[in-house]
Amino acid sequence: MPLDNVVFWVFAPVSVGSAIAMLFQRNAVHAALFLIVNFFTISVFYLVLGASFLFAVQIIVYAGAIMVLFLFVIMLLGVDREETLVERLKGHRVLAITLGAGVALELFFAIRAGVGFATKAPPSFDEAVNSGGNVVALSRVLFRDYFFPFEVTSVLLIVAAVAVMVLASRPRRVFTRAGSETTSEDTTSEETT
Amino acid sequence: MRTPISYFLIVSAMLFAIGTVGVLVRKNALIIFMSVELQLNAVNLALVSFSRMHGNLDGQVLAFFSMVVAAAEVVVGLAIIVNVYRRRQSASVDDVSVLRG
């Protein structure tokens with residue numbers, strides 16, 4: 001049995017199992033931890049598929065940065081709140097699970113119709129495409145064919161950073177000349193709640 | 001590599017479906033957001049698999065871009081959730097039925 005087969009059959013159940021476990025966690029912190037496990041298994045799949053750069057990026061960006069941000073917000077909002085099991089819409093949970101199973105079946109048949117179940121990768125992927133290493137090959141594609149989109153993503157990141165600074169800043173108190181204190185839109189509602 | 005590419009695609013489809021169920025069933029806004037992240041990751045896995053299948057790196061570049069967009073989206077989304085929580089003292093989506101502040 002070749003090694004990548006072993007790796008796949010070890011990590012695929014862990015991946016799907018951790019995703020399902022995330023779904024059933026009442027506690028948001030536990031859900032986040034299961035999602036981190038899932039991200040690690042996906043990064044292992046990237047390694048098997050020959051995307052070693054994305055393997056590193058997946059661990060650093062997703063499992064590192066994004067999930068730490070999630071955990072930070074969960075801790076900030078308080079972890080002891082558990083969500084209610086009351087259904088606002090009748091039969092909403094059953095319908096949702098039926099729909100999810102439908103999506104899974106549809107994708108399953110789409111894969112069977114589109115690529116077939118026994119599709120093998122081209123055997124020379126590592127020599128032909130990843131020549132000189134995956135990072136070198138990827139940078140060659142990224143900085144030649146996709147240079148403009150790459151620059152646009154930097155603009156996107158700056159816009160996102162500015163937007164978050166605007167969203168997260170508490171509104172400042174405004175003092176008028178008469179000495180009476182008026183507040184901008186947010187503080188009034190905070191006093192009433 | 002002996003493992004058929006379609007196996008990875010099937011794992012990706014299962015993760016995507018689990019993420020869909022998570023978005024539809026859960027009520028905590030943070031867990032809904034995590035389910036969306038799971039869906040994004042499933043699609044990334046499919047993109048990398050297709051890249052391997054077709055023997056070029058365009059799929060990996062696209063997965064890289066989608067990671068950048070996901071990072072930006074997470075930051076903005078979490079800021080919105082924190083803002084909603086400040087107003088309503090709740091992160092449940094049932095309590096946020098109107099957009100009005």
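Helix α3(A) and helix α3 (residues 58–88) of chain B pack at an angle of about 5°, with their axes 11 Å apart. That makes α3(A) roughly parallel to α3(B), a label for angles under 35 degrees. Welcome to this predicted model, where local features need pLDDT of at least 70, side-chain atom pairs count only at pLDDT 80 or more, and totals for chains, interfaces and linings use all residues. Residues are numbered from 1 along each chain as its sequence is written, chains are lettered from A in the order in which they are written, and side-chain values use heavy atoms, leaving out hydrogens and water.

**The helix pair**
- Where α3(A) meets α3(B), the residues of α3(A) include Phe53(A), Tyr62(A) and Phe70(A), and those of α3(B) include Phe64(B), Met67(B) and Tyr85(B).
- By class, this contact of α3(A) with α3(B) has 21 nonpolar, two polar and no charged residues.

**The whole interface**
- Chain A brings 90 residues to the contact and chain B brings 73 residues, contact being heavy atoms within 4.5 Å.
- About 7500 Å² is buried between chain A and chain B, and carbon and sulfur atoms give 74% of that area; buried area is the accessible area (1.4 Å probe) that two parts lose on being put together, summed over both.
- In chain A, Leu49(A), Phe70(A) and Leu77(A) lose the most area to chain B, together 9% of what that side buries.

Methods: Axes fitted to C-alpha atoms, helices over the stretch in contact; angles between N-to-C directions. Helix = DSSP H or I, 4+ residues; strand = E, 2+ residues; numbered from the N terminus. Parallel < 35°, antiparallel > 145°, perpendicular 65-115°, else oblique. Nonpolar A, V, L, I, M, F, W, Y, C, P; charged D, E, K, R; others polar.
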